Amino acid sequence: MSSRGLLTLRRVTTVDEALAAELDAMFDDGVSWDAEQGQRFLAHPDTLLLVARWDGEACGFLSAYRLQRFDRRSAEVLLYEIGVEEPFQRRGVGRALVEEAKRWAAYVGADELWVLTEDDNVPARALYAATGGHEKTDFTMFDYGLEP
């Protein structure tokens, strides 16, 4: 695989069986594309799913949510998840996905794009710093598990 391949990004608005299989291969273990839930996600105007391809091969993805505010800030975007397949890491794929998410965030009227990651996720923290993110250490996240 050449390090000088052609990288393309595409906003996904529909997912067929072939793309679902490609996404499943990139998702974390135990996570898979669900046609019904996926369509609900894609149909919402405040969601973003990007797929990166290197010479046509799916190599990464990013999902994000526009969060409407009620104050003068109007909106912000949560970069929810990003994944780059190991053979394609350190080739600019993650950087390109983040930059495209930043462009989308500005386009949809957001004044901030933010992301959470684990303290020990060194590669993610390096990517976010390299793409202009500013680390904030004065936050603690609380999680509420809800029964369906």
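Is Glu-22 exposed, partly exposed or buried? Glu-22 is partly exposed, at a relative accessible area of 26%. The cut-offs: buried is under 20% relative accessible area, exposed is over 50%, and partly exposed lies in between, with a 1.4 Å probe and protein chains only.

Ground rules next. This is a predicted model, where local features need pLDDT of at least 70, side-chain atom pairs need 80 or more, and totals for chains, interfaces and linings use all residues. Numbering runs from 1 along each chain as its sequence is written, and side-chain values use heavy atoms, without hydrogens and water.

Back to Glu-22. Its side chain meets that of Arg-53 in a salt bridge, 2.7 Å from N to O. Glu-22 sits in helix 1 (residues 17-26) and Arg-53 in strand 2, 31 residues apart. By salt bridge I mean a Lys or Arg side-chain nitrogen within 4 Å of an Asp or Glu carboxyl oxygen. Helices (H or I, at least four residues) and strands (E, at least two) are DSSP runs, numbered from the N terminus. The whole structure has 11 salt bridges.

Now helix 3, residues 93-107. Its buried residues include Val-93, Leu-97 and Trp-104. Lys-102 and Glu-99 lie in this helix, 3 residues apart, and their side chains form a salt bridge at 3.3 Å, N to O.

Last, the core. The largest nonpolar core has 20 residues. That means buried Ala, Val, Leu, Ile, Met, Phe, Trp, Tyr and Cys residues joined through side-chain atoms within 4.5 Å. Leu-48, Leu-62, Val-77, Val-93 and Leu-97 touch the most other members. Helix 3 gives the largest share, 6 residues.

Terms used:
The expected span of a helix is 1.5 Å times one less than its number of residues.
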